[in-house]
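Hi everyone, and thanks for coming. I'd like to walk you through a structure that may be new to you, so let's get it up on the screen.

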Amino acid sequence: MEIVLAIFLGTLFGFVLHRVGASNPENIINMLRLTDLHLMKTILFAIGLSSSVLFLGMAVGLIDPGHLSVKGSFNGVLLGGALLGLGLGSVGYCPGTGLAAMGDGRRDAVAFVFGGLAGAFAYMLTYPAAKATGLLDPIAGGKSTLAATGNESYVALVPGVPGWMLALGIGILLMGIAWVLPGRPGSGSRPLPHGVPANF
Amino acid sequence: MTGQLDWLRGGIALAFAFLIAVWLVKPIGVSTQFVIADGMAWDLVNPSLVVEDPETKTGYNSDNAYLAKSGGKYAKNVANPINYSFIFVLAMVFGAWLSRMTRGPQPSKADRVAPRVWRNRFGDRPMARYALAFAGGFLVLYGARLAGGCTSGHMMSGMMQTSVSGYLFAMTTFATGIAAALTLYRRGDGHR
């Protein structure tokens, strides 16, 4: 049953990444060089909406808080995120979108994925050294969230407010930012990237 | 619903994918599976890499410290390739292919070698593009493993759960991502 779900949910995720244009490195690079923010709007709206519905779903008992998986905070998150950003801004793929782009028939994505396998392998070999630097020691409460989740494994940094209320507030804020961000900042006269219909 | 979705429909579709995953199983994550794939390949060459060990929490152990961490969690998945997270990631490739076959956005032949923004900046140099894509992949996955997750697991799933680590990760990823893209591709090239 778990494998059927893996096939269904993985297929859905790959399908959606492709449909929203995230597997097209053109969109990622143009988002990061601030010429086309439509993908930024998509991402912010998706985070805001999913966060709001997730916490509301947990509050009414539809979604099991035991399904959550909150990752810890440590300085390696900041440094690793910075390294990932360098690669993302340079080539326009992240791990998930690179895989989806292989399904899109992109050959540079194959090179990216092999590079990724090499990078992950390098981390497997250097993990003891990374650990010894203290980069993996917990900061900011370790596995912490802002909103109370109802899952006792995770620390809520704002415990006084009902989780769903705080998450809804953050979610609406993110969706609002997505709504007001300009799709194409700076110029209204640039040609549309390929694949985007003229009435977009 | 042909071609690329507009931002609002796209955002709703993406939110749906993340929500249904956490509702039915657990939050979406991708980058760990690069380690699992490496472990499988390594274990083929050196079958003593991952061994059964009743002493650990999962029943598996490895002489590689990373595979052995958290009670052999990764070692177990290396030894059992048909597991949820690994099949999920393989299915993603299929899902993207399915979208292309059902009138999703269609990359041109040239796009499949390098995106247009690259060609405008660096010309038609496929080998240079592949080399940079390989180097970028190395950085992205090394960084993702050091951070403990990638754009899917840390940023999307993380911020969905209001994880502090998700916000931290998104901050530095976008800071260096914007710096790299502006430096390499500049703002004006190709689109004005």
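Let's begin with helix H2 of chain A, where Pro25(A), Glu26(A), Asn27(A), Ile28(A), Ile29(A), Asn30(A), Met31(A) and Leu32(A) are buried. By buried I mean that 20 or more other C-beta atoms lie within 10 Å of the residue's own, while exposed means 12 or fewer and partly exposed is in between, with C-beta atoms placed from the backbone. By that count H2(A) is mostly covered, with 8 of its 8 residues buried.

Before going further, a word on what you are seeing. This is a predicted model, in which local features need pLDDT of at least 70 and side-chain atom pairs count only at pLDDT 80 or more, whereas totals for chains, interfaces and linings use all residues. Residues are numbered from 1 along each chain as its sequence is written, and chains are lettered from A and ligands numbered from 1 in the order in which they are written. Helices (H or I, at least four residues) and strands (E, at least two) are DSSP runs, numbered from the N terminus.

How confident is the predictor? It gives the complex an ipTM of 0.95 and a pTM of 0.92. For chain B, the mean pLDDT (the predictor's confidence in each residue, from 0 to 100) is 93, and 96% of the residues reach 70 or more.

Back to H2(A): what covers it? Its buried residues are covered by elements including H3, H4 and H5 of chain A, together with helix H5 (116-122) and helix H8 (164-185) of chain B. After H2(A) comes Leu34(A), with a positive phi near 65°.

Chain A has 7 helices and 2 strands, and from the N terminus its elements run α-α-α-α-α-α-β-β-α. Its C-alpha atoms fill a box of roughly 50 × 45 × 40 Å along the principal axes, and 57% of its 200 residues are buried. Residues count as in contact if their C-beta atoms, placed from the backbone, lie within 7 Å. Of the chain A contacts between residues at least 6 apart in sequence, 62% join residues at least 24 apart.

Chain B has 8 helices and 2 strands, in the order α-α-β-β-α-α-α-α-α-α from the N terminus. The box for its C-alpha atoms is roughly 65 × 40 × 35 Å, again along the principal axes. Of its 192 residues, 56% are buried. For chain B, residues 24 or more positions apart account for 44% of the contacts with a separation of 6 or more.

How many residues does each chain bring to the contact? Chain A gives 116 residues and chain B gives 113 residues. On the chain A side, the largest share, 19 residues, comes from H6(A). Sorted by class, that side has 64 nonpolar, 41 polar and 11 charged residues. Here Ala, Val, Leu, Ile, Met, Phe, Trp, Tyr, Cys and Pro count as nonpolar, Asp, Glu, Lys and Arg as charged, and the others, Gly among them, as polar.

One residue of H6(A) to look at is Asp108(A). Is Asp108(A) buried or exposed? It is buried, because 29 other C-beta atoms lie within 10 Å. Setting aside residues up to four places away in sequence, Asp108(A) touches Val113(B), Ala114(B), Arg129(B), Tyr130(B) and Ala133(B).

Beyond its neighbours within four places in sequence, Met92(B) is in contact with Gly10(A), Phe13(A), Gly14(A), Gly96(A), Leu99(A) and Ala100(A).

Let me finish with helix H7 of chain A. The buried residues of H7(A) include Trp164(A), Ile170(A) and Met175(A). Seen down the axis of H7(A), the buried residues fall within an arc of 165° (taken from the directions from the helix axis to the C-beta atoms), so they line one face of the helix. On the other side, Leu173(A) and Val180(A) are exposed. Covering the buried residues of H7(A) are elements including helix H3 (38-59) and strand E2 (155-156) of chain A, together with helix H1 (7-24) of chain B.

How values were computed
Contact = placed C-beta atoms within 7 Å.
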